[in-house]
Amino acid sequence: MQRTQEMTSVQPDWEKFYPRPISEKIPFFSKDGRVYDCLFAQQLNRDLLTLLFRTADRLREVTQHKDGADYVSGLLSDKRAMLYFAQPSTRTFMSFLNAAHILGVKTSEIRDSSTSSEVKGETPEDTVRTFSSYVDMIIMRHPTPGFVEKTAWLMNRTGRPVPIISGGSGKDQHPTQALLDVYTLYRSFNGDIDNKHIVMVGDLKRGRTVRSLSYLMKNYNKMSLSFVSPKEFKMEADILDFLKRHNIPYQETEDFKGVLKTADAIYMTRIQDEHDKAGESKKVDYSPFYFRQENLKDIKKTCVILHPLPRRHEIEVSVDDDPRAVFWRQERNGMWARAALMAYIFGVDGKIR
Amino acid sequence: MQRTQEMTSVQPDWEKFYPRPISEKIPFFSKDGRVYDCLFAQQLNRDLLTLLFRTADRLREVTQHKDGADYVSGLLSDKRAMLYFAQPSTRTFMSFLNAAHILGVKTSEIRDSSTSSEVKGETPEDTVRTFSSYVDMIIMRHPTPGFVEKTAWLMNRTGRPVPIISGGSGKDQHPTQALLDVYTLYRSFNGDIDNKHIVMVGDLKRGRTVRSLSYLMKNYNKMSLSFVSPKEFKMEADILDFLKRHNIPYQETEDFKGVLKTADAIYMTRIQDEHDKAGESKKVDYSPFYFRQENLKDIKKTCVILHPLPRRHEIEVSVDDDPRAVFWRQERNGMWARAALMAYIFGVDGKIR
Amino acid sequence: MQRTQEMTSVQPDWEKFYPRPISEKIPFFSKDGRVYDCLFAQQLNRDLLTLLFRTADRLREVTQHKDGADYVSGLLSDKRAMLYFAQPSTRTFMSFLNAAHILGVKTSEIRDSSTSSEVKGETPEDTVRTFSSYVDMIIMRHPTPGFVEKTAWLMNRTGRPVPIISGGSGKDQHPTQALLDVYTLYRSFNGDIDNKHIVMVGDLKRGRTVRSLSYLMKNYNKMSLSFVSPKEFKMEADILDFLKRHNIPYQETEDFKGVLKTADAIYMTRIQDEHDKAGESKKVDYSPFYFRQENLKDIKKTCVILHPLPRRHEIEVSVDDDPRAVFWRQERNGMWARAALMAYIFGVDGKIR
């Protein structure tokens with residue numbers, strides 16, 4: 001896991017590094033041709049996704065019996081991870097924590113936004129370097145845009161780097177959410193994601209999951225996308241441009257019911273009113289974009305319904321009992337996909353597959 | 001651990017289910033003739049109590065040596081439990097946590113009353129279902145009456161139920177406290193609880209431990225009970241009725257000193273002023289119901305003094321040094337009894353005994 | 001680990017015990033000639049320090065490979081420790097936690113200043129006794145002077161004592177910080193601490209680390225000390241008296257730059273303004289006592305720079321890249337030294353060396 005001196009010596013200053021396009025930055029967060037720090041959905045190409053999905057599938061299979069579970073939890077019994085969540089998160093936090101436990105990784109937790117050292121005037125950079133002193137990996141969520149990336153960048157300058165996995169950074173990046181979303185498609189479609197029609201519904205402007213998912217569709221062939229949203233919360237232009245460049249057909253519509261019929265997957269999202277600047281969410285009627293019991297009759301028998309959760313009213317609770325509602329499985333997929341990612345970064349994924 | 005489809009398909013609505021008598025509800029929280037979700041003291045019948053006590057006794061014996069401790073902590077090394085305590089609790093929380101560690105169960109903790117998802121508008125039901133996604137058991141305390149039971153009920157409707165153990169629910173149910181209280185009697189009386197005079201002292205009106213303990217006395221033969229309390233905090237009528245129906249003789253008295261002489265066990269409690277509606281606790285002189293150093297000369301040589309802790313002034317600290325003061329042992333018994341319960345629910349109790 | 005009845009029976013009252021000189025109290029916190037409770041830097045004599053350093057060195061060596069790490073984490077797999085930090089502390093807490101994980105000790109955490117039982121009117125003494133019920137060791141930090149010591153004293157009166165390790169008590173004692181500071185000297189000087197010139201810089205009046213470190217210098221031969229501080233924050237008279245009594249030469253100076261040239265180790269500290277009574281820190285110009293990039297040219301090639309961290313501006317960040325800046329290694333040394341101490345107290349240090 002030691003990064004070579006050569007790499008660190010050619011590293012540019014942070015101020016020059018940060019604004020570069022992600023594609024240029026990815027090599028710096030890689031080692032020996034593998035992802036070392038997981039920071040961007042863009043790091044997840046089709047080969048890596050397939051490898052992680054197979055690892056995750058195998059993990060859940062092997063751990064169904066105690067012998068297998070004990071084998072798996074012995075693979076990384078010498079490793080310790082820090083979960084540093086400066087922003088609260090039940091779901092992401094708990095799924096990473098239990099992913100670590102599955103692999104036998106010992107865990108330390110910082111779940112508070114304020115640590116005592118910040119009180120004592122320490123810089124965030126020193127705080128994170130401190131955490132790294134005691135562990136072999138840091139899994140972190142941070143509200144400051146770019147801070148998770150900066151941590152990885154800083155670590156890679158030191159003589160004792162540890163890999164960083166982003167559990168959500170600012171408004172944009174949440175790569176393991178993207179990972180689990182595509183993993184859920186993979187499992188729902190029996191491993192064949194190509195040639196599907198994906199419908200994304202809701203607050204597409206401010207939801208980072210739909211943005212990442214759109215991006216990752218370039219890894220698959222003959223996909224088509226439909227974006228269903230109130231006109232105030234349409235998908236942003238940068239993603240639409242991206243789709244055009246990659247020849248991925250898409251349509252934008254407010255006709256929720258009409259688009260359901262041909263959907264292979266429906267990705268529901270809640271309104272992201274925590275990003276409101278002046279209560280704009282309250283002015284929007286979100287109810288035309290709810291999935292209700294009555295909509296179940298309109299969708300294909302093979303169609304699946306996803307949601308990153310938590311939900312409010314976007315999906316009626318009675319829908320949960322339909323076998324096509326896979327969002328609870330999707331949540332659990334997150335744990336397995338994250339376990340696969342950790343195994344991969346520590347280089348024991350081959351021992352699982 | 002998969003519940004059969006038959007069971008779930010006949011399940012009534014929650015609103016109809018909840019008001020039923022506990023005795024009618026118990027089967028729903030059982031599986032293959034064993035308790036699956038531990039929610040009510042009423043689930044603990046004499047056979048189960050004896051089985052759990054023997055398991056607990058054996059656990060402490062076996063774990064005295066490292067070989068035995070390692071054997072025991074390998075029994076459930078493939079299991080993960082969530083401790084979800086929406087109300088703070090040092091004692092119950094820590095004893096469950098360490099019980100899990102004794103058995104090798106990996107643990108996740110939610111100790112806050114507020115989770116981030118509640119902030120995001122998620123229902124409590126969705127929150128708990130999320131927790132269940134990542135683990136094999138949920139141990140929970142919740143202030144809302146019936147919510148722990150509702151969680152178990154909800155879980156049992158899903159395709160992936162996990163057992164629920166109550167760590168205290170609302171004002172009424174705290175079954176593992178009852179379990180450890182009777183376990184302490186069992187150990188204090190060398191396994192022979194029958195034919196004893198139990199004296200309960202203090203705020204009997206609002207203390208759920210004395211209520212549960214009274215209830216469980218029906219499992220034993222020829223018991224007699226004395227209730228010693230200020231007149232404002234007498235034992236409630238429903239328990240007295242229960243005792244009458246089961247022919248368990250009892251007396252109510254304010255004569256603390258008089259009743260001590262014939263006691264086989266004295267169960268002390270603190271005033272439950274957190275349940276005050278208008279400062280009524282302050283108007284009561286609680287000091288006549290304190291156990292003091294001088295009372296030690298009045299009790300039998302074989303009598304034991306219990307207290308669910310925490311205490312305030314009900315028991316003088318100097319009493320702690322008397323061998324008949326067993327409340328510190330009682331506290332530790334809680335850890336062993338809870339470990340026995342978890343082992344039982346996961347079906348490995350036989351491997352311990 | 002059972003303390004003999006003889007010991008406890010001769011124990012004086014706390015009020016008489018507490019004011020005694022530490023040297024008189026040390027035997028009470030020992031067992032079979034070994035430290036049992038680690039409370040005072042004064043318990044760390046040269047023999048014990050050397051033994052702990054060798055254990056720590058061996059621990060890091062052995063755990064570099066998975067086989068060794070698994071061996072070490074099996075040594076105390078039957079033990080459980082409670083980390084009770086009534087004052088927040090990221091660094092000390094995390095290094096103890098991960099030290100425990102290295103040794104396979106299971107951990108429970110109380111990181112809040114308020115526990116629910118305190119809310120319910122429990123005394124701090126009862127609270128700590130409760131914690132001890134569930135575990136085999138308590139590692140604790142507490143703001144109340146003497147409370148950590150009192151806990152150890154109380155435990156040793158009970159029939160089931162557990163060892164107490166102080167993670168910082170009041171303003172004075174933080175023995176494991178002293179341990180890791182001297183361990184860092186030991187490693188920096190290849191095991192030969194004798195005959196060195198140690199320069200301590202900053203707020204010497206209120207920093208407990210420089211006080212403890214000064215004290216421990218009596219364990220080594222031909223040491224000399226320089227104290228560099230603003231005149232408002234000079235080293236206190238009791239330490240200077242101690243040095244005189246033990247014939248350890250020292251000088252006090254404000255000439256930071258002048259004293260650097262002959263330093264073998266420079267111990268930097270931040271201003272301790274959390275101990276301000278009336279904003280006195282703001283009136284002091286602390287900047288003459290900063291170590292800057294330009295100072296690196298003034299120090300010996302073999303000189304090392306320490307800092308207990310967290311830092312503010314006392315050391316310029318660019319200094320971190322110099323190999324003589326050992327404060328990040330010092331931080332990590334804390335984890336290994338604490339692991340060695342825990343192994344020693346549980347009596348498995350011999351199995352590591």
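## The nonpolar core

The largest nonpolar core has 314 residues, and those with the most contacts inside it are I266(A), I266(B) and I266(C). A nonpolar core here is a set of buried Ala, Val, Leu, Ile, Met, Phe, Trp, Tyr and Cys residues joined through C-beta atoms within 7 Å. A residue counts as buried if 20 or more other C-beta atoms lie within 10 Å of its own, as exposed if 12 or fewer do, and as partly exposed in between, with C-beta atoms placed from the backbone. In soluble globular proteins, nonpolar side chains tend to be buried together.

In chain C, I266(C) touches V199(C), V201(C), L260(C), F291(C), I299(C), C303(C), I305(C) and L306(C), leaving aside residues up to four places away in sequence. Two residues are in contact if their C-beta atoms, placed from the backbone, lie within 7 Å.

## Basis of the model

This is a predicted model, in which local features need pLDDT of at least 70 and side-chain atom pairs count only at pLDDT 80 or more, while totals for chains, interfaces and linings use all residues. Residues are numbered from 1 along each chain as its sequence is written, and chains are lettered from A and ligands numbered from 1 in the order in which they are written.

## Overall form of chain A

The secondary structure of chain A consists of 15 helices and eleven strands. Helices (H or I, at least four residues) and strands (E, at least two) are DSSP runs, numbered from the N terminus. The C-alpha atoms of chain A fill a box of roughly 55 × 50 × 40 Å along the principal axes. A compact globule of 353 residues would have a radius of gyration near 20 Å, and the 20 Å of chain A agrees with this. That radius is taken over C-alpha atoms, and the globule rule is 2.2 Å times the number of residues to the power 0.38.

Of the 353 residues in chain A, 52% are buried. Among contacts in chain A between residues at least 6 apart in sequence, 77% join residues at least 24 apart.

β10(A) runs parallel to strand β7 (residues 197-201) of chain A, and four bridges join the two. Within this pair, V199(A) stands opposite I266(A). β10(A) also pairs in the parallel sense with strand β11 (residues 304-306) of chain A, over three bridges. There, V304(A) is the bridge partner of A265(A). Two strands pair if DSSP finds at least two bridges between them.

Seven of the nine residues of helix α9 (residues 147-155) of chain A are buried. They are V148(A), E149(A), K150(A), T151(A), A152(A), W153(A) and M155(A). These buried residues pack against α2 (14-17), α8 (124-134), β5 (137-142) and β6 (164-169) of chain A.

I139(A) lies in strand β5 of chain A. I139(A) is buried because 29 other C-beta atoms lie within 10 Å. Apart from residues up to four places away in sequence, I139(A) touches A81(A), L83(A), F96(A), I165(A) and G167(A). In chain C, L51(C) belongs to helix α4 (residues 46-62). L51(C) has 17 other C-beta atoms within 10 Å and is therefore partly exposed. L51(C) and D349(C) are 298 residues apart along the chain, yet their C-alpha atoms are separated by 8.7 Å.

## How the chains meet

Chain A can be laid on chain B with an RMSD of 0.0 Å by a turn of 120 degrees and a shift of 0.0 Å along the axis. The two copies are therefore related as by a three-fold rotation axis. Copies are superposed by least squares on the C-alpha atoms of residues with pLDDT of at least 70 in both. Chain C is likewise superposed on chain B by a rotation of 120 degrees with 0.0 Å of shift along its axis, at an RMSD of 0.0 Å.

The contact between chains C and B involves 18 residues of chain C and 22 residues of chain B. On the side of chain C that touches chain B, the elements giving two or more residues are β4 (106-110), α7 (116-119) and α8 (124-134) of chain C. The largest share, six residues, comes from α8(C). This side of chain C divides into three nonpolar, eight polar and seven charged residues. Ala, Val, Leu, Ile, Met, Phe, Trp, Tyr, Cys and Pro count as nonpolar, Asp, Glu, Lys and Arg as charged, and the others, Gly among them, as polar.
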